[in-house]
Amino acid sequence: MNIVNARLRGREGLFHIALDGSQIAAINEQPAVVSAAAGDLDAASNLVVAPFVEPHIHLDATLTAGEPAWNMSGTLFEGIERWAERKALVTHEDTKTRAKKTIDMLVDHGIQHVRTHVDVTDPTLAALKAMLEVREETRHLIDLQIVAFPQEGIESYANGRALMEQAVELGADVVGGIPHFENTRDQGVSSIKFLMDLAERTGCLVDVHCDETDDPQSRFLEVLAEEARVRGMGARVTASHTVAMGSYDNAYCSKLFRLLKMSGINFVSCPTESIHLQGRFDSYPKRRGLTRVAEIDRAGMNVCFGQDSIVDPWYPLGNGNILRILEAGLHICHMLGYEDLKRSLDLITDNSARTLHLGERYGLEVNRPANLLILSAPDDYEMIRTQGHALVSVRHGEVLMRRTPASVQRG
Ligand code: FE2
């Protein structure tokens, strides 16, 4: 199969992309627009990019909002309470059905790589076992990384450490954590040392829910970054949320950034989730409750956007469309300057792939997997401005999804 009349990010002109089975065989400049041969795809002078990436979602919790009760306060902490009630009703099949339904929503919006956090603070590890099966059963649709995520703590939950170890033995790809939720500061610190040891010993990646609170005293990011720096693991470590950074004073943050840069860790921000959950203890002025996305990016560090939730106890909306998250995030993070807009897709493609440590399994280059999207606009700016879509998703050299754009008639 070939894709003709393709625009590529950061390059002038039109391109012809040849796929050979499940690999990209060639990418050549095209002197002029051509008509597509039978069996080929016509990008119609629009962008062709590597697939969108969802770097942070909780597929074991999606599609549960209101079961058995809605989160009325809108806080993260009521979300955890509501989830504890729903968790008691979770079954193997229930988890698999909801996760697969959500994966279909992600696929319909051009996502082919997903990192999901799965709650392992459950003596039976029921959700994890279900998600391990989902990972195998959906390989034709997405590459799924599973994070062993201790929603109710590692040190603060009975047998928390053993459950994390068991989760990795069973097949989790990534070690998670939630230091700001542990009962004490000391437990938060020891949880990070424990999870970094576990990852180092087993070769797992690391992705920690870190400082997901407006409390400016929540400073576990420095602990995670220092552990990553000392062990030389930065490229394999991600700090998710880090929203307390939005409340740190600039003097502390300036010192912190020096360490963050030396550590080489990655960052994920979930802007729609954080703008909804944070700032809940403020009257006015009211904090945005997000990490310093633009500043992290300007400092040359790696940051990307994720959805976090789709219709769960923490966030009642969502439809799988990460472009919606990108648009909201650019607004919320003061990133509507043209320099940011014209490379905005980095935040849901290349930067996210780096966070997931995908290496040569990702990217629009010869000899890499034939996974790509045809978008509905010619560049990043127009994709955002027109609220564009992924129109075609190709995976392993085959069309996985086609979307017909809405058309408008007058009169
Ligand atoms: Fe999360």
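The accessible surface of the protein amounts to about 16700 Å², and carbon and sulfur atoms hold 50% of that area; the areas come from the Shrake-Rupley method with a 1.4 Å probe, and for residues only the protein chains shown count as cover. This is a predicted model in which local features need pLDDT of at least 70 and side-chain atom pairs count only at pLDDT 80 or more, while totals for chains, interfaces and linings use all residues. Residues are numbered from 1 along each chain as its sequence is written, and side-chain values use heavy atoms, with hydrogens and water left out.

Now for the fold as a whole. The protein contains 13 helices and 15 strands, taken as DSSP runs numbered from the N terminus (helices H or I, at least four residues; strands E, at least two). Of its 411 residues, 58% are buried, meaning under 20% relative accessible area with a 1.4 Å probe, protein chains only. The C-alpha trace spans about 65 × 50 × 50 Å along the principal axes.

Buried in α6 are Phe220, Leu221, Val223, Leu224, Ala225, Glu227, Ala228 and Arg231. Their cover includes the helices α5 (185–202) and α7 (250–263), along with the strands β9 (205–210), β10 (237–241) and β11 (266–269); contact here means heavy atoms within 4.5 Å. After α6 comes Gly232, with a positive phi near 65°.

Note on methods
Buried means under 20% relative accessible area, exposed over 50%, partly exposed in between (1.4 Å probe, protein chains only).
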